[in-house]
Amino acid sequence: MSLKRHNFYPGDIPTKPGCYIYRDIFGKVIYVGKATNLRRRMSQYFQPSREHRADPKLRSLINTIETWEFITVRNEDEALVLETHLIKEYAPHFNILMRDDKRHLMLKIDPAEKFPRLKMARLKKDDSCLYFGPFPKGGALKMTAEFLVHYLKLRTCKVAEPGLQDRKHCLAGAIRDCCRPCEGKVTEEEYQARIDKLIAILNGDIKEVRDVLKLKMKEVAEKQQFEKAALYRDVSANIESLYARKIRTFENAELPDSAPGPASVADLQKALKLKDLPNTIECFDISNISGTLAVASLVHFTNGAPDKAKYRRFRIRTVTGSNDFAMMKEAVSRHFTNLLEKKLPLPDLLMVDGGKGQISSAIEALIEVKCPPLPLIGLAERNEEIYVPGRSTPYVLPRSSRALKLLQAVRDEAHRFAITYHRNLRLDAIRNSILDEIPGIGEARKTAILKEFGSVRSLRRAPSPKAIADRVPGIGIEFATIIFDYLKKHQPDGKVNPL
């Protein structure tokens, strides 16, 4: 179902849990949300007072919504998982603006450890660990994990192989919450049998645990130990919520692609008083976190529609620190230098995400590379003001204007493309962080390795320790052997055990 915003009637929406999807005038997904009651939640967006009293980001979202649709599910857990699936697939602009990048918790076991432990994780690294999840309910997961560790008497100490001092101060061993494999109380085979049992439970085989919890709850209740009984009841309910209801496959999760609006191009020419039709529009956006992993994106629209073959992305090379203006200047300079050198067509309209500062930076870059004059604008996100060089006041178009909708679509696509590239670089950095887990690696050695090999993935392809030592200055054959053996022991398996 996909209905126009002005055709929104609360009675058309069920009171069931699910996800709702908002699109702009071009049919592009701009926001995905979840709700335990779709009718109540979606109605909040279309209250007249919202357009005036909401914060600027929410007002911008409301004014950009053109059509809406929803997908019903059976419960809140399914709504959470479906929302995550849709956000990852479509990377809606307003989800990025209005939410943090927090991910659902997973459980992690490293089989390469002599006596593996159960750990929490939010990101799957490029290693040989087993990952279970993600789980929508973090609180329930933590309580369940604590119970399972206690139930199976697994290690909880943070060191991989405890020494004498660690064993002396082991509280879990003293109160018999741990089977103490490091002291030889159980053999490696016996401890591994406990881990195998844990893995089976995490994969959904919860019948034994469920029965044990019911029995313990009955025993302590008969002794009038009601606090313990309540604890067992809560753990049992959490395990049921995490495992008993399998998450279904969402057949309706794929949303249809949208058709562009060529008429908006003509509207834009008229609104901005452009000499020629802006049949080709290019837009730059910058993405960085306090100047780190700074990137720029360039998107290209032809006749009001994305032309992804002409998208470009840039790693910022010359700017240190958080200076978006200098970053914008570098990206514009590099792109137009390339266009001019190769005698490629210039865009009919150049656009930057931002206001006067970003426009000034773009102008400086165009002058320096001796680019012929071309129309240039900036779209300032807070009030959707359109800045034009030489004009003292910005254009402010009606929210319903197709020209503004086109500019918003171009800007949002540039932002999405920049965010996606930046996120991928962050994920690469996370994958490379496996080097931090190698004893004695140090920041200098890590930097030298990544400078020479580029990534852990490339480092893994080294045929021998000697090949590492020969390429990386300051690393001898002995330490190269430690690196080689560690990475060989922690090979990426690429598997996530779903619920």
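Buried, as I use the word, means under 20% relative accessible area, with exposed being over 50% and partly exposed in between, for a 1.4 Å probe and protein chains only. This is a predicted model, in which local features need pLDDT of at least 70 and side-chain atom pairs count only at pLDDT 80 or more, while totals for chains, interfaces and linings use all residues. Residues are numbered from 1 along each chain as its sequence is written, and side-chain values use heavy atoms, with hydrogens and water left out.

His-300 lies in strand β9, residues 292-302, and because its relative accessibility is 5%, it counts as buried. The side chain of His-300 makes a polar contact, at 3.4 Å, with the side chain of Thr-302, where a polar contact is a pair of N or O atoms within 3.5 Å, one able to donate a hydrogen and the other to accept it, and residues adjacent in sequence count only if both atoms are side-chain atoms.

Turning to the helices, α6 and helix α9 (residues 188-202) pack at an angle of about 150°, with their axes 10 Å apart. α6 is therefore roughly antiparallel to α9, a label that applies to angles over 145 degrees, on a scale where under 35 is roughly parallel, 65 to 115 roughly perpendicular and the rest oblique. Leu-148, Tyr-151 and Leu-152 of α6 meet Arg-194, Lys-197, Leu-198, Ile-201 and Leu-202 of α9, contact here meaning heavy atoms within 4.5 Å. Among the buried residues of α6 are Leu-148 and Leu-152, and the helix is followed by Lys-153, whose phi is positive, near 55°.

Notes. Helices (H or I, at least four residues) and strands (E, at least two) are DSSP runs, numbered from the N terminus. Axes are lines fitted to C-alpha atoms, for helices over the stretch in contact, and angles run from 0 to 180 degrees between N-to-C directions.
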